[in-house]
Amino acid sequence: MLTRFVFDYARYVLKGGTKFYAWMGTLALLIVGMLYVFYLQNTEGLIVTGMTSQIHDGLYLANLVFLVGVAAGAVTIVFPAYVYHHEGMHKVTVLGEMLAISAVIMVMVFVFAHMGRPDRLWHMVPPWGIYSFSSMLGWDVLVLNGYLILNFVVGFWYLYSKYTGKPVNAKIFMPLVYISIVWALSIHTVTAFLIAVNPARPMWFHSMMPIRFITTAFAAGPALIIIAFLIIRNNTKMWIEDSAIKLLTTIVIWCLGLAIFLTLSEIVIELYARTEHANSLYYLMFGLHGLTALVPWFWSSVVLMVGAFALFMTPKFRNDMKLLPIPCAMAFVGIWIEKGMGLIVPGFIPSPIGEVTEYYPTFVEWMMTLGIWAFGFFILTILLKGAIGILLGEVRFGGAAAANPAAAVH
């Protein structure tokens with residue numbers, strides 16, 4: 001029956017109209033471009049990137065950090081659905097889990113791109129290599145893989161139950177759901193620890209980093225989910241209730257507001273009595289020694305995040321499903337900049353010995369980044385399309401209408 005499930009799922013996903021094939025074809029072209037620059041990077045080395053000895057983490061790590069937050073954002077659907085039994089959320093929980101799976105896969109591809117020598121990955125796989133529990137990166141790899149497995153098992157178990165019409169075993173299923181909720185918090189917390197435990201980088205070295213990561217994750221993740229839900233509503237037979245979208249909007253507003261507040265607090269504390277430890281932030285905001293490469297990024301992020309918050313607070317934008325994607329997109333892009341060019345890169349400037357070196361991503365890095373995002377959306381489209389087919393009852397075992405397994409987990 002499992003083989004039949006996979007076959008029916010794949011057959012349904014491959015069917016589509018002109019718009020679907022055009023979308024998938026565009027993503028495939030970008031993926032081909034990614035493979036080409038990946039080849040260049042692995043034959044010529046990381047010299048084809050803009051990274052240097054002074055700034056050895058650039059666009060790849062920035063996207064990795066951001067996407068971990070997007071993956072964790074899926075919990076904003078799972079938690080209200082299973083803990084507060086929100087009906088609107090419960091019907092679409094599995095779509096959030098599909099988003100989490102896609103985001104974690106993208107994170108792992110960015111790790112490959114960042115490694116430079118991915119063929120050495122086996123060094124951390126026992127028994128051939130040595131897995132280091134003393135390394136924060138080791139813990140990050142552990143929690144990310146665990147989160148991927150949890151979402152894969154919970155999401156596809158639910159879909160398989162819906163497909164066959166047999167209810168899930170709630171005694172096993174529900175503990176896995178609760179573990180995945182806690183695990184979602186752990187992945188972004190550990191990623192925050194990954195950079196916050198570097199005393200040589202004053203911009204990162206503070207205990208507020210994990211809570212900043214969590215707030216931005218719970219703003220950017222639901223913002224993307226809202227846009228995805230509205231696209232699904234407008235382009236498929238599946239209707240996602242307004243109550244689910246409005247609850248996600250409320251979560252975005254609160255978390256975006258907290259993220260802006262924490263950023264302002266950091267600025268006041270660091271710059272009120274400025275020391276050498278505030279040079280990274282000063283460089284980011286105003287430049288240092290005439291070097292200002294990151295200044296436009298910082299102020300663009302501020303404008304987008306504050307502007308998005310203002311629009312969210314306006315009922316016309318918050319309640320109109322046609323206007324709502326505007327502040328969602330602004331918040332998503334603003335946080336992407338804030339977590340990337342506004343956090344990872346300035347942490348290296350100036351270096352611990354005072355060198356001020358600027359970073360400019362090369363075409364290889366931009367193409368690789370664009371291709372990995374395209375790869376992620378390619379997977380997300382496949383996962384969401386198949387999941388929607390099963391939820392609508394268009395993909396079912398033996399042609400019989402599937403029962404609602406959700407009843408077994410309430």
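At what angle do helix α1 and helix α15 pack, and how far apart are their axes? Let's look at this predicted model one close-up at a time.

**View 1. Helix α1 packs with helix α15.** In this predicted model, α1 (residues 2–14) and α15 (residues 363–391) pack at an angle of about 110°, and their axes are 9 Å apart. Angles of 65 to 115 degrees count as roughly perpendicular, so that is how α1 and α15 lie to each other. From α1, the residues Phe5, Tyr9, Tyr12 and Val13 take part in the contact. Their partners in α15 include Ile382, Leu383 and Ile390. Sorted by type, the residues of this contact are eight nonpolar, two polar and one charged.

**View 2. Phe66 and Phe332 form an aromatic pair.** Phe66 belongs to helix α3 and Phe332 to helix α14, so the pair ties together parts 266 residues apart in sequence. Both residues are buried.

**View 3. Phe332 also pairs with Trp373.** These two rings have centres 6.2 Å apart and planes at 85°, so this pair is edge-to-face. Phe332 in α14 and Trp373 in α15 are 41 residues apart, and Trp373 is buried, as is Phe332.

**View 4. Several aromatic residues gather in one cluster.** Look for Phe5, Tyr9, Phe152, Phe156, Tyr160, Tyr163 and Phe397.

**View 5. Charged ends sit over rings.** The charged end of Arg233 is 3.9 Å from the centre of the Trp239 ring. For Arg274 over the ring of Tyr282, the distance to the centre is 3.7 Å.

Key: Residues numbered from 1 in each chain as written. Predicted model: local features only at pLDDT ≥ 70, side-chain atom pairs only at ≥ 80, totals over all residues. Heavy atoms only, no water. Axes fitted to C-alpha atoms, helices over the stretch in contact; angles between N-to-C directions. Helix = DSSP H or I, 4+ residues; strand = E, 2+ residues; numbered from the N terminus. Parallel < 35°, antiparallel > 145°, perpendicular 65-115°, else oblique. Contact = heavy atoms within 4.5 Å. Nonpolar A, V, L, I, M, F, W, Y, C, P; charged D, E, K, R; others polar. Phe/Tyr/Trp six-rings, centres within 6.5 Å; stacked < 30°, edge-to-face > 60°. Buried < 20%, exposed > 50% of the residue type's maximum accessible area, 1.4 Å probe, protein only. Lys NZ or Arg CZ within 6 Å of the ring centre and 35° of its normal.
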